Amino acid sequence: MGLIVGIDASRNRSGGAKVHMVGLLKEGDPARFGIDMVHVWSYASLLASLPDAPWLIKHNPPELERSLPHQVWWQYRSLPREARRLGCRVLLNTDAGSVCPFEPAVVMSRDMLSYEDGEMDRFRFTRAWVRLWLLKYIQAYSMRRAKGVVFLTDHAAKVIQRTTGPLSNIRMIPHGVGESFRLPVGGAQRERPAGSAVRCLYVSNAALHKHQWHVVRAFGILRRQGRLVRLVLAGGGKGAPLERMEEAIRETDPRGEFIEVHPAIPHGDIPGCLAQADIFLFASSCENMPNTLVEAMAAGLPIACSNRGPMPEVLRDGGVYFDPEDPVSIAGAIDGLIENTDLRDRIARRARELSDAYSWNRCAAETWGYLAEFRAGG
């Protein structure tokens, strides 16, 4: 009999985590690696987006539709017994903050805010700081006791192991990018009508480590220098980061002449937004894996990107870089792209080439292959 695998997707609540689960289960062939059955536990709306397959069994415990304490108690108390009853030989926890004691387990690291130098300081004297501090040590414990750990980038593996210490069985398995993002025409080739503004797109929710307000002020600098540019911010947000972004917009563009703000958009609509952009911006200072950056790379857009975290590892020589906390640096990177047509074309083509390394088929195959190594029970 082949291997039976369990997947705890109960904490796949963010956009990137949802897309990962869909990509993992829609692509690849578990049977190729001797996996006969996959049981996945999650909340109803995510399960509804997963494919129907004879090897895939979906479970929706009522606790996963309730509050976080109910979800955590189910994960600790009920999931191990259920996984054993169903014959699972290995459990993939798709969030490193899992408290499930099932063995053998493989955990996936997604979060970086708790580990990256200086990032937690942005939350000092808030409840978010306490949450991040607790999460850091829960995740570190989970990764140390796991039989295997999946990291999305080399940068994440290096930084997180400063806290966990060396982990003996790790695997780098980056996320993929959907084929709908591989646009036939990218921003480097799209012709703009004479006299129209250069359209620059930044797709991300407003957050302290995303630095939208610095980007806004950079566009104020560009406009004062006479550059005909337009900034499109898409992703919504809430709380202090959104307020800071809105304040910067009121100061920089009080008449709404060159900055557009859009709420969070469905993932399936992002390729259409990329197709209308001339330049893509990515100003985050902290990522485990920058999914929207890879999507823009696949679209063949010229990219101005943060020089922090794993971004240079992913984008390499397929973009120009800036300090995400310095509006002058951001403005300079964008201005360089506007001025240099050859540079825009070269980096857009290089980014598109680099994006070929990120596919859901590859991600699925490497994940199933890793899990199959636990066939004997760890």
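Modeller: The discussion below moves from overall dimensions to the sheet and then to one strand. The model is predicted, with local features needing pLDDT of at least 70 and side-chain atom pairs counting only at pLDDT 80 or more, while totals for chains, interfaces and linings use all residues. Residues are numbered from 1 along each chain as its sequence is written, and side-chain values use heavy atoms, with hydrogens and water left out.

Biologist: What does the radius of gyration of the protein agree with?

Modeller: The radius is taken over C-alpha atoms, and the globule rule is 2.2 Å times the number of residues to the power 0.38. For 378 residues a compact globule would have a value near 21 Å, and the protein, at 22 Å, agrees with this. The C-alpha trace spans about 65 × 45 × 35 Å along its principal axes.

Biologist: How many helices and strands does the protein have?

Modeller: Helices (H or I, at least four residues) and strands (E, at least two) are DSSP runs, numbered from the N terminus. The protein has 13 helices and 13 strands.

Biologist: In which order do the seven strands of the open sheet lie?

Modeller: Two strands pair if DSSP finds at least two bridges between them. The order here is β3-β2-β1-β4-β5-β6-β7, with parallel pairing. Each of β3 (56-59) and β7 (170-172) has a single partner strand and stands at an edge, so one side of each lacks a neighbour in the sheet. From one strand to the next the twist averages 20°, angles running from 0 to 180 degrees between N-to-C directions of axes, which are lines fitted to C-alpha atoms, for helices over the stretch in contact.

Biologist: Which strands does helix α13 touch?

Modeller: Contact means heavy atoms within 4.5 Å. Helix α13 (residues 360-372) packs on the sheet and touches β1, β2, β4, β5, β6 and β7, its direction making about 115° with that of β1.

Biologist: Which residue of β12 is the bridge partner of Phe-282?

Modeller: The partner is Cys-305, and β11 and β12 (residues 303-306) are parallel, with three bridges. Two bridges join β11 to β8 (residues 198-203), also in parallel, where Cys-200 has Ile-279 as its bridge partner.
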